[in-house]
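These are my notebook entries on one structure, written down in the order in which I looked things up.

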Amino acid sequence: YTHVLVVLGYVFAGVFNVEAALKLFAMRRAYFVERSNIFDLLCVVATDGGIVADWFSDAVSLGPVLSVIRLFRIARLLRLIRFARGLNRVFMAFVLSMPKLANVGAVLALLLLLFATFGVGVFSTVQFVGSHDDQGNFRDLWRAVITLIRCMTGESWNYLMHDLGRDQWYIESVAGVKCEPNFRVTAENYEEYRAAGWVGAGATPNGCGHPLMSVVFFITFTLVVSFCLLNLFTAVILEGFEEAQQGDEEEAVLLAIETWTKYDPDLRQMLPLREALMFVEHAYRLTSGGKSSEVTYALQKFSPSQPFSQIPLGYARMLGVKVTTNMEVHLIDAVQAVVRRAVGGGASASRDLLDDIASSSVAKTLQTLEARVKQRESLGDTVSLDQHVAATQIQHRFKELLMKKRARSAQGAAGGQHLNR
């Protein structure tokens, strides 16, 4: 089993090296433009370093360094992120959140240091009772920080609060241990406290608790750190998801603009209605990895004499494109339709919601693009696609009802003539 794993490791390492070599040979300096290629190269180098370290591990004692080198080989699993859209979105949200998480973490570390310093100054002389023991106390700054981190997770912070607030009556009557209500080390009592083992190296102070101070301290710490600051981490991650979503939509815009040149090689920035709808479906499949939909097959039967009869009304409402009197669609409207199509994914999505997303998340990209397109100002009168489709369907329905009414009238007239005979 171990031999098979080693052989497979060599095989995959060879595949990765060949892939990196071919891409470097083909792309040359352009290989280092994309960060994903740099990451792949680092994974390959780490894999090769781990293999070389395994070969010389018997001759040279590397110790924990070898384990660290082997750990880098696990980074090859992150290559799968590029092929999984959902996993890639989560990973990008995490990457985008890292700088903000570091800021929140710095504030958290500062608050932990402040509360730990205050706790050492107040509770360092309290006698060990109950959950206040050698694992959770404020005898020194390091142990105070560890204790507060434990309390930050909600682990027995209330028990520690009560045990640090035990007064003289509880400690001496219930716990059966003597305590000093006002434990203060002075020049007069230092020798007495040292002889009793309350001060000095390895000493165990026996001061009484502080009921009011412990309640105020732990409730303030819980409200500020556990309830407020820790929730900031969640808020930062959610914001990272939103930014990742915006990044996907901006990428969809850029890919749609690139795809537009295939449909508009003369760069007129205008397309006939059928080609514009085919462009929307093409760009949607490229951005979302979707397959051909029923709309795509319907557009293949597109009739110039009846251009709106094959388009579903819900689909037209979702796209929200403007059609000129010449039955053409502008580049800006088509790109916004791609964003709505990619976000909505279906005709059931709310039109208002899609409008908000398409106009806000990619506003800067579209504004920059629209500023360069001066022909948009001279389009003239435009009518939305859903209005065209709705009007066509109303006309067809009216014609059907009129034909049925005429047929019934003809049948009634024929029946009357038959009775007269």
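**Entry 1: the disulfide.** I am working from a predicted model, and I began by searching the whole structure for disulfides, which gave one. It is formed by Cys179 and Cys208, whose sulfur atoms are 2.1 Å apart. The pair links distant parts of the chain, since Cys179 sits in the loop between helix H7 (168-173) and helix H8 (190-195), while Cys208 sits in the loop between H8 and H9, 29 residues apart. I then looked up the torsion about the S-S bond of Cys179 and Cys208, and because it is about 80°, I noted the disulfide as right-handed.

I also checked how far the cysteines are covered. Cys179 has a relative accessible area of 2% and is therefore buried, and Cys208, at 5% relative accessibility, counts as buried. For two further cysteines I wrote down that Cys151 counts as buried at 1% relative accessibility, whereas Cys228 is partly exposed, with a relative accessible area of 48%.

**Entry 2: helix H1 and what follows it.** Helix H1 covers residues 2-27, which makes 26 residues, and I find that it reaches 37 Å from its first C-alpha to its last, close to the 38 Å expected at 1.5 Å a residue. Which residues of H1 are buried? I listed Gly9, Ala13, Phe16 and Ala20. The spacing of that list made me recall that an α-helix has 3.6 residues a turn, so residues three or four places apart point the same way. What covers the buried residues of H1 includes helix H2 (35-55).

Just after H1, I came to Arg28, which takes a positive phi of about 55°, in a residue other than glycine. Arg28 lies in the loop between H1 and H2, and at 51% relative accessibility I have to count this residue as exposed, because the cut-off for exposed is over 50%.

**Entry 3: another positive phi.** Ser156 also went into my notes, with a positive phi of about 55° although it is not a glycine. I placed Ser156 in the loop between helix H5 (141-152) and helix H6 (157-164), and at 23% relative accessibility Ser156 counts as partly exposed.

**Entry 4: helix H4.** I next looked for nonpolar surface, and noted a patch of about 480 Å² made by Phe91, Met92, Phe94, Val95, Leu96 and Met98. One of these, Val95, lies in helix H4 (residues 85-123) and is partly exposed, with a relative accessible area of 36%.

Phe118 lies in helix H4, and I recorded Phe118 as partly exposed at 42% relative accessibility. Which residues does Phe118 touch, not counting those up to four places away in sequence? I found Met213 and Phe217. Phe118 and Phe217 are 99 residues apart along the chain, yet their C-alpha atoms are separated by 8.9 Å.

Entry 5: My last entry concerns Asp264, which is found in the loop between helix H9 (211-263) and strand E1 (270-272). Is Asp264 buried or exposed? With a relative accessible area of 3%, I put Asp264 down as buried. Leaving aside residues up to four places away in sequence, I noted that Asp264 touches Gln269, Met270 and Leu271.

Notes:
Residues numbered from 1 in each chain as written. Predicted model: local features only at pLDDT ≥ 70, side-chain atom pairs only at ≥ 80, totals over all residues. Heavy atoms only, no water. Patch = residues over 30% accessible without salt bridge, like charges linked within 9 Å, V, L, I, M, F, W, Y side chains within 5 Å. Areas by Shrake-Rupley, 256 points an atom, 1.4 Å probe, with all protein chains shown as cover. Salt bridge = Lys/Arg side-chain N within 4 Å of Asp/Glu carboxyl O. Helix = DSSP H or I, 4+ residues; strand = E, 2+ residues; numbered from the N terminus. Buried < 20%, exposed > 50% of the residue type's maximum accessible area, 1.4 Å probe, protein only. Contact = heavy atoms within 4.5 Å. Expected span 1.5 Å × (residues − 1). Disulfide = S-S within 2.5 Å.
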